[in-house]
Amino acid sequence: MIKDSSNLIKYTDKGLYCELADTWIDPHKPVNRALITHAHMDHFTFGCNEYISTYETAMILKERIGSEINIKTCEYGKEFKINGINISFHPSGHILGSSQIKFKFAEERWLITGDFKRQKDETCKEFEKVKTDYLISESTFGLPIFKWEETQKTAFDISKWINSAPNKTSLLFCYSLGKAQRLLNELSKTNFKNNIFTHTTIYKMNKCYKKLGIDICDTNKFDKTQDIDEFKGGLVLLPPTLYKRSFLKKFKEIQTGFASGWMSIRALRKRSGYDKGFAISDHADWEDILKTITESEAKNVFFIMEIVKL
Amino acid sequence: MSLNKFSELFLNLDSSNSINKKLDILKNYFATNDYLENSWSIYLLTGKKNKRFISGKLLKSFFSDIYEFPLWLIDTCYLRVGDSAEVITLLLNSKNIGKNKVNKDISLDELLSKTLPELAILKQDEKKLRVKEIWAELAKENLLIFNKILTGTFRVGVSIGLITKSIAKLINLDEAIISHRLMGDFEPSAKSYKFLINNKIDLEELNYKPYPFLLANTFEKKITEESINNFQYEWKWDGIRIQLIKRSGKVSIWTRGQDLVNRSFPELVENTLYIKDDFVVDGELLVWNFEDELPMNFSFLQKRINRKAPSKSIQNNLPIIFIAYDLLELKGEDKRELNLGNRRINLEKNFHKWINESEKDISNIFKISNLLFPKNWEEAENLKNNSRENGTEGLVIKNKNSIYSSGRKKGIWWKYKVDPMQLDAVLIYAKGGSGKRAGLYTDYSFALWKDGQLIKFASAYSGLNNAEIKDLDKWIRKNTIEKFGPVRSVKPEMVFEISFENIQVSNRHKSGISVRFPRISKWRKDKNFKDADTLATAHKLMMNKL
């Protein structure tokens with residue numbers, strides 16, 4: 001057995017791995033036991049024998065993929081043991097149910113932040129400051145050019161953008177889990193009174209959030225067969241996968257926007273083809289990444305780089 | 001009437017892909033702004049010769065000095081952003097520079113005619129302090145525009161055509177007139193804007209301005225359904241298109257890119273003064289090899305353009321000729337409404353008259369574009385295919401019944417270009433793109449075989465579609481051998497068909513050859529890199545060309 005904890009967590013071709021606990025974290029290939037930080041599909045793989053996540057993450061996953069998985073849930077902050085390794089989940093502020101995962105062995109602490117943000121977001125628990133010796137974090141926006149506006153300012157910009165085109169339907173594209181609910185929550189605080197339509201995948205997630213006690217405003221369900229041109233002055237929230245010429249071509253009186261942290265860069269905004277970009281992200285910006293490292297008091301820091309996907 | 005307003009205009013234009021919406025935005029902007037500010041806005045929007053007050057590199061080093069920020073980190077950010085002005089703006093933003101409360105606005109006029117020219121002549125250290133001062137004074141929202149204007153890189157997705165259209169709509173005047181008024185140098189002033197929107201058309205004021213150029217479309221097979229006799233046929237020269245203007249005894253030479261190039265070609269100005277009449281002639285400028293009766297390579301012409309006030313020996317070693325092909329104005333009378341047939345008769349008649357009555361022999365420099373008379377479309381195609389023999393790049397086919405209209409209108413002039421030369425080459429280097437292509441590897445270098453080695457022979461940026469660019473970017477990242485700053489060497493594996501217009505000997509390149517206008521015409525996924533072309537094939541291509 002390995003006694004030295006300086007490589008308690010390793011990076012393998014299947015993802016992050018804790019050998020002593022024989023447990024993977026967000027593996028990208030089927031394994032025996034998987035800890036899931038949150039319910040975005042790029043952090044989940046089918047075919048594992050056992051999953052462990054927070055209750056919220058488990059509920060969202062079941063809603064998204066059906067209930068055919070063996071998933072155990074745990075509470076935030078409560079330690080449990082696997083093969084003598086202490087493990088606990090802590091809020092990461094990314095989306096509802098999202099977690100940092102802490103490992104403790106032989107007085108050494110390891111913390112995997114998973115995807116996280118430090119900005120205020122009423123649709124999920126606030127990021128918890130956890131002290132650690134080893135920190136494994138993500139740096140999707142790990143450059144000083146990234147600095148997020150106040151969420152309320154972005155929500156206000158979105159509402160202004162929609163109201164500036166009363167004769168058009170505003171199509172706002174965003175990830176259907178997390179971002180959509182956060183936007184809806186923020187929009188309802190800006191006095192936005194226009195009709196809101198949400199694509200079925202988003203509508204489903206809204207329902208799930210509501211069931212879990214999160215305040216999301218009511219929206220109309222939209223499916224591809226409806227005529228968008230009829231929703232003049234209204235807002236339609238759609239997943240980015242629907243941003244296709246063949247689908248949009250049918251509608252004349254529309255303006256399109258995309259809500260993503262990448263939209264803070266003009267070249268990406270132009271290349272994406274959307275009329276308007278709103279830089280809002282569920283990941284930490286540069287300063288929040290630095291702050292998180294400092295506050296963690298970690299002596300060793302590792303980063304996982306993600307490749308830009310638009 | 002301010003930088004505030006101009007920033008807002010930029011933001012509005014930048015967040016719409018609809019031409020009609022952009023048109024409305026522009027119209028509204030011009031209507032609610034004063035003349036002087038409008039003139040500066042047009043100067044910036046048309047972006048032809050925006051002055052660079054400091055370089056992007058200097059801007060980065062200023063920021064690095066002022067905020068003790070490592071340059072390598074700025075450069076890393078640049079790779080993602082692709083624009084120095086924007087990188088610095090984002091970094092200023094992250095440092096909370098730029099007041100958001102009571103911000104000092106500044107008129108474009110003050111900024112461009114006072115603040116920035118004054119800044120430009122300061123010593124380096126003072127310059128740095130001044131830039132810092134301005135950053136601190138400006139509103140956050142204006143920093144991007146300011147940095148872009150400062151570095152001469154302001155650009156937004158509107159064409160001159162769209163600006164022309166918006167002004168024409170605003171004052172209800174014909175677009176052609178606005179377009180003509182916008183030709184050439186546009187000196188920003190209240191007067192120039194007033195002239196631009198003047199409802200009265202005064203020819204005097206257009207005195208030195210060229211007419212909007214009539215541009216050719218790419219040949220389409222369907223025109224061969226028409227009678228061969230409906231068209232006029234000329235060689236397509238690879239020179240620079242110019243309008244030679246003589247009005248009230250003054251000569252101006254305007255390129256199609258709307259540059260006044262009198263200073264580069266003093267002998268043309270001098271010889272034109274021997275012609276008695278006033279006129280505007282459309283034609284081609286070439287550097288000529290009188291011995292072989294062939295145009296010299298385009299690179300020599302480039303040398304001539306870049307050299308202001310060329311010495312007599314340059315004028316002798318790189319002699320120019322002007323090939324006239326259309327007469328647009330004669331003795332102050334606009335002839336563009338005549339059909340091509342009649343314009344040609346006028347041109348020939350007057351051209352020969354000018355040559356004959358000149359005191360000095362000007363026939364060496366003034367040529368007339370010879371007409372070709374193919375009997376059928378097959379013959380036209382043959383002429384096109386053999387055009388390299390006389391140093392041309394194909395035919396221009398002009399509708400005899402057409403008037404001289406502006407822009408690239410369909411069905412008036414056609415360019416029938418000889419097929420490009422092609423070689424299959426191997427991708428060996430890739431470099432990060434800038435601007436719209438930031439964060440992607442889009443600048444490629446290609447090599448040919450020589451004695452079992454790959455020798456770089458050309459670089460190309462264009463020709464792939466967006467999906468291919470993405471795929472290739474992914475491949476490049478996975479197959480990098482070495483990184484040198486923004487450049488990566490990659491595994492020699494991918495073969496591309498490279499098309500180009502011309503090939504010539506070059507001492508500056510390791511390959512010993514250089515090609516003109518190389519671009520990617522096909523991704524040869526079917527071809528093994530070992531079967532790519534050799535340098536010997538390229539040399540053969542060069543020898544066979546004539």
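## Domains of chain B

The bounds of domains, as used here, come from an automatic or database domain assignment. The model itself is predicted. In chain B the assignment gives domain 1 (3-151), domain 2 (217-417) and domain 3 (421-544). Taken over C-alpha atoms, the centres of domain 2 of chain B and domain 3 of chain B are separated by 35 Å.

## Chain A: overall form and domains

Chain A contains seven helices and 18 strands. Its radius of gyration is 20 Å, close to the 19 Å that the globule rule gives for 310 residues, so chain A is as compact as a globular protein of that length. Along the principal axes, the C-alpha trace of chain A spans about 70 × 40 × 30 Å. Of the 310 residues in chain A, 48% are buried. Among the contacts in chain A with a separation of 6 or more, 59% are between residues 24 or more positions apart.

Chain A is assigned domain 1 (9-144 + 284-304) and domain 2 (151-278). The centres of these two domains of chain A, taken over C-alpha atoms, are 29 Å apart. Their contact takes 15 residues from domain 1 of chain A and 12 residues from domain 2 of chain A. On the side of domain 1 of chain A that touches domain 2 of chain A, six residues are nonpolar, four are polar and five are charged.

## Contact between the chains

Between the two chains, 19 residues of chain B are in contact with 12 residues of chain A. Two helices of chain B, α5 (71-81) and α6 (84-94), each supply at least two residues of the side of chain B that touches chain A. The most comes from α6(B), which gives six residues to that side. By class, the side of chain B that touches chain A consists of seven nonpolar, nine polar and three charged residues.

## Nonpolar cores

Which residues have the most contacts inside the largest nonpolar core? They are A:V236, B:V81 and B:V87, in a core of 134 residues. Leaving aside neighbours within four places in sequence, B:V87 is in contact with A:I145 in chain A, and with B:I74, B:C77, B:Y78 and B:V81 in chain B. A second, separate core has 42 residues, including B:I242, B:L286, B:I323 and B:L383.

## A five-strand sheet in chain B

Five strands of chain B form an open sheet in the order β1-β12-β11-β2-β10, with mixed pairing. Strands β1 and β10 (371-372) of chain B stand at the edges and each has a single partner strand, so one side of each is left without a neighbour in the sheet.

Both senses of pairing can be followed at strand β12 of chain B. Strand β1 (residues 217-218) of chain B pairs with strand β12 (residues 413-417) of chain B in the parallel sense, over two bridges. Within this pair, B:N217 has B:W414 of β12(B) as its bridge partner. Strand β11 (residues 394-399) of chain B runs antiparallel to β12(B), and five bridges join them. Opposite B:K398 stands B:W413 in β12(B). In general, the strands of a sheet pair through backbone hydrogen bonds, either parallel or antiparallel.

Technical notes:
Residues numbered from 1 in each chain as written. Chains lettered and ligands numbered in written order. Predicted model: local features only at pLDDT ≥ 70, side-chain atom pairs only at ≥ 80, totals over all residues. Contact = placed C-beta atoms within 7 Å. Helix = DSSP H or I, 4+ residues; strand = E, 2+ residues; numbered from the N terminus. Nonpolar A, V, L, I, M, F, W, Y, C, P; charged D, E, K, R; others polar. Rg over C-alpha atoms; globule rule 2.2 N^0.38 Å. Buried ≥ 20, exposed ≤ 12 C-beta atoms within 10 Å, placed from the backbone. Pairing = 2+ DSSP bridges. Core = buried A, V, L, I, M, F, W, Y, C linked by C-beta atoms within 7 Å.
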